[in-house]
Amino acid sequence: MHLSRRQFGLGALAVGALGFSSSSAYDYTSRETFDLFDRLFHSGTGIGKPTDNNEHGALAWGQSYVLMGFMRMWEAYKDTHYLDRLVENVEQVLANRDSARGVTDHRGKSLPAWRALHPYTVGFATLKDADGTPLLQVRTALAYADQAVATVTTGSAEGSFSLEVKNNWNNTVARFADLSLDPASANYAVKRIYDAYPTPTMVTARDLRESPSGNATPAQGPTSFVSQPVIFSVHTGMITYPMATFARTVLANPSLWSRYKSKALEFLKAAKDAAAVHDEEWRQTEDGRGYYVWNKGTPLAYDGAEQPINQSVSLGQTFAELAAATGDHRYRDRVRRMGHTFSLDLTVDADDAYVWPYWPKFGKLYQGFAKTDNVSEFTPSYTAGARQIEDLSHGAIDVEFAVAAFRHKLSFIGDDMARFARTYSKNLVAPTGADGIATAYARVNGSGATNSAGQYMQAPRWMAVAPWDETVFTHSRAIYDGRATQPQQGSYLLCVAYLNWHARRGA
């Protein structure tokens with residue numbers, strides 16, 4: 001979507017004082033810009049509308065940002081227009097819960113939350129015999145599993161078959177020749193495929209026969225994989241965080257009760273109900289840790305392992321607001337435990353800034369695991385260890401959680417906020433290119449490509465720590481000014497709201 005100057009009618013900004021060039025026709029610190037972007041985004045063809053379902057992450061990674069944008073605009077201007085907009089959209093988002101739509105997750109449960117499928121979840125292909133009897137479940141844990149196909153052909157030995165699993169999304173292939181469904185055979189398909197792991201399409205298999213014995217042969221031909229529905233804690237956290245923030249805001253302001261109290265109580269219950277869906281994934285330890293795992297057997301690539309930091313603390317954001325709204329000790333305790341767990345992964349660099357990994361250091365993915373460890377159903381081994389540094393976009397979730405916990409006096413102190421702010425100003429700020437336009441590094445230690453739009457365009461989402469370092473505001477605003485950013489994504493609306501939020505706070 002392109003907005004002409006005539007459509008918008010604002011003059012170019014003078015940002016020379018910031019030291020960056022600008023070609024923007026929009027003042028990203030004005031409510032007129034946000035309101036225009038709100039109208040254009042919701043009338044356009046992009047994903048992330050409140051009427052979308054979340055099966056491909058549209059609500060979690062689109063509309064959730066819009067909802068939080070409305071809350072930040074309310075905080076900036078105290079205009080109930082933004083609370084009205086949030087109520088209007090949340091009502092539609094709640095109508096898309098699994099329990100309202102009548103759909104189920106992989107366990108057959110229809111719950112008050114939002115399931116997702118591809119590109120995130122494991123795909124199943126059921127191989128059947130000529131009579132249609134299910135014989136073998138083939139699973140692929142590679143992303144976009146619904147783009148994969150399992151093809152059976154005749155093997156070279158009598159009673160054998162060969163299997164090809166190809167993912168057409170990234171053109172990867174795994175082949176297994178001369179398999180058997182006789183458990184006594186050295187070529188028993190389940191064992192051969194397991195022993196071959198890891199393969200390019202991350203294939204595993206399960207015998208579907210009630211009492212596997214003897215041999216059987218699946219029918220020849222292709223079978224498409226079907227991605228399995230899973231409710232992600234990170235999606236639930238992203239979607240419910242603005243709902244809980246709205247509820248806490250309204251319940252703490254009697255002047256808003258006559259207009260919004262009933263909705264605040266409704267949204268509060270919705271946030272609590274959705275968060276409770278993940279209680280069986282919660283783990284806590286005697287030393288004060290608290291975090292989420294993917295239970296073994298959940299059709300995800302890393303079932304049996306601890307979730308990434310951002311995916312745990314996404315729900316922590318909601319818990320911080322629920323704790324403030326209700327005073328419930330359970331929510332306070334979870335925030336404190338998450339804050340403690342996160343703090344143990346933080347290291348202080350030479351600039352007195354925080355650096356941390358994407359996966360928790362104590363976890364199985366970070367440490368790596370072998371098949372003999374019996375960790376995961378769908379990823380039997382991950383021996384290399386996932387040691388990547390957190391990126392700018394997911395790091396914004398981590399920082400948002402830390403600030404919410406700090407503001408509600410549940411975890412972290414002012415020195416922590418200052419260090420998070422320096423993570424931005426010392427590590428993420430990158431030198432400008434020949435065009436003079438501001439950009440950012442991809443990872444919180446100052447590494448990674450600066451040309452990844454998916455990263456630097458999320459820079460204003462670090463605005464919660466701008467009160468500790470004004471560079472967060474001036475630099476992230478310059479990123480938007482220099483590119484004449486337009487409302488292609490829901491996250492951009494939150495970014496513009498945050499630019500308003502800080503500019504208004506300064507005023």
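**Close-up views of a predicted model**

**View 1. Helix α10 passes helix α12 in a left-handed crossing.** Left-handed here says that the near helix is turned anticlockwise from the far one by less than a right angle (right-handed if clockwise). Helices are DSSP runs of H or I with at least four residues, strands are E runs with at least two, and both are numbered from the N terminus. This is a predicted model, in which local features need pLDDT of at least 70, side-chain atom pairs count only at pLDDT 80 or more, and totals for chains, interfaces and linings use all residues. Residues are numbered from 1 along each chain as its sequence is written, and side-chain values use heavy atoms, leaving out hydrogens and water.

**View 2. Helices α10 (residues 329-343) and α12 (residues 392-407) pack at about 130°, with axes 11 Å apart.** That angle makes α10 oblique to α12; angles under 35 degrees count as roughly parallel, over 145 as roughly antiparallel, 65 to 115 as roughly perpendicular and the rest as oblique. Axes are lines fitted to C-alpha atoms, for helices over the stretch in contact, and angles run from 0 to 180 degrees between N-to-C directions. Look for Val-335, Met-338, Gly-339 and Phe-342 of α10 meeting Asp-398, Phe-401 and Ala-405 of α12, where contact means heavy atoms within 4.5 Å.

**View 3. The largest pocket holds about 970 Å³ of space.** A pocket is an open set of points on a 1 Å grid over the protein atoms alone, with protein on both sides within 12 Å along at least five of seven lines; a cavity is a set where a 1.4 Å probe fits but cannot get out, and lining residues have an atom within 4 Å of a point. Grid points are joined across faces, edges and corners, and a volume is the space filled by probe spheres set on the points. Of the 38 lining residues, Trp-61, Pro-119, Tyr-120, His-235 and His-394 lie nearest the centre of this pocket. Helices α3, α7, α9, α12, α14 (453-456) and α16 each give two or more residues to the lining.

**View 4. The largest cavity holds about 120 Å³ of space.** Among its 13 lining residues, Tyr-65, Met-238, Gln-317, Glu-400 and Leu-494 are the closest to the centre. Two or more residues come from each of α3 (59-77), α7 (233-251), α12 and α16 (490-506).

**View 5. The second largest cavity holds about 90 Å³ of space.** Tyr-291, Ile-309, Ser-312, Thr-341 and Pro-360 are the closest to its centre, out of 15 lining residues. Strand β12 (290-292) and helices α9 (309-326) and α10 each contribute two or more residues.
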